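Biologist: Could you walk me through this one? I'll ask, you answer.

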Amino acid sequence: MIDFKLDPKAGVPFYRQIIDQIKYGIASGNLQVGEQLPTVRGLAVELKVNLNTVSKAYKELEIQNILETHLGSGTFIGNSDFKITPKQKKEKLHSICREFLTIASSYGFTTSDLITELNEMQKN
């Protein structure tokens, strides 16, 4: 199971963040075919968002055949062979880095400071 996290400062709607996290969870192997996801209500409470936000994300993923909902049993990862292309991975990394750099620079850190810290973190 993945630990959902929403970032209100990301400029990306919450439902889209949920969709992305489920897709990347599948692509990375953190979510397996047949694995049950939290209920719409349960995830909405956990993330402190409106039920419709989670419902919209789940419905969009069902349309894409990534999720399957079974009445009375829940929502599960479907049998789709979802993969992330190298281009999509590069775009996502670029987006993460841009956001990271923006936040860090607002605190006065330089790119060099970030590289040094990341290298130190990698050693540990």
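Predicted model: local features only at pLDDT ≥ 70, side-chain atom pairs only at ≥ 80, totals over all residues.

Modeller: Residues are numbered from 1 along each chain as its sequence is written, and side-chain values use heavy atoms, with hydrogens and water left out.

Biologist: Which pattern does the protein chain follow along the sequence?

Modeller: Helices (H or I, at least four residues) and strands (E, at least two) are DSSP runs, numbered from the N terminus. There are five helices and two strands in the protein chain. Read along the sequence, the pattern is α-α-α-β-β-α-α.

Biologist: What share of the residues in the protein chain is buried?

Modeller: Buried means under 20% relative accessible area, exposed is over 50%, and partly exposed is in between (1.4 Å probe, protein chains only). The C-alpha trace spans about 55 × 30 × 25 Å along its principal axes. Of the 124 residues in the chain, the buried share is 27%.

Biologist: Which elements do the buried residues of α3 pack against?

Modeller: Helix α3 covers residues 51–63 and reaches 18 Å from first C-alpha to last, close to the 18 Å expected at 1.5 Å a residue (the expected span is 1.5 Å times one less than the number of residues). Its buried residues are Thr53, Val54, Ser55, Ala57, Tyr58 and Leu61. Taking a contact as heavy atoms within 4.5 Å, those buried residues pack against α1 (14–28), α2 (40–47), β1 and β2 (74–77).

Biologist: Which residue caps the N-terminal end of α3?

Modeller: Just after the helix, Asn65 takes a positive phi of about 60°. At the N-terminal end, a side-chain oxygen lies 2.7 Å from the backbone nitrogen of Asn52. The residue that supplies this cap is Asn50.

Biologist: Why does Thr69 count as partly exposed?

Modeller: Thr69 is found in strand β1, residues 67–70. Thr69 counts as partly exposed because its relative accessibility is 37%.

Biologist: Which side chains make a polar contact with the side chain of Thr69?

Modeller: A polar contact is a pair of N or O atoms within 3.5 Å; within protein, one must be able to donate a hydrogen and the other to accept it, and residues adjacent in sequence count only if both atoms are side-chain atoms. Leaving out residues up to four places away in sequence, Thr69 touches Glu62, Gly74 and Thr75. The side-chain polar contacts of Thr69 are at 2.9 Å with Glu62 and at 3.3 Å with Thr75.

Biologist: Which helix gives the most to the lining of the largest pocket?

Modeller: On a 1 Å grid over the protein atoms alone, a pocket is an open set of points where a 1.4 Å probe fits, with protein on both sides within 12 Å along at least five of seven lines; lining residues have an atom within 4 Å of a point. About 550 Å³ of space lies in the largest pocket, and of its 17 lining residues the closest to the centre are Asp7, Ala10, Lys92, Ile96 and Glu99. With eight residues, the helix that gives the most is α4.

Biologist: How many residues does α4 supply to the lining of the second largest pocket?

Modeller: This pocket holds about 180 Å³ of space. Its lining includes Asp20, Tyr24, Phe82 and Lys92, and α1 and α4 each supply at least two residues. The largest share comes from α4, and that share is four residues.

How values were computed:
Points joined across faces, edges and corners; volume = space filled by probe spheres on them.
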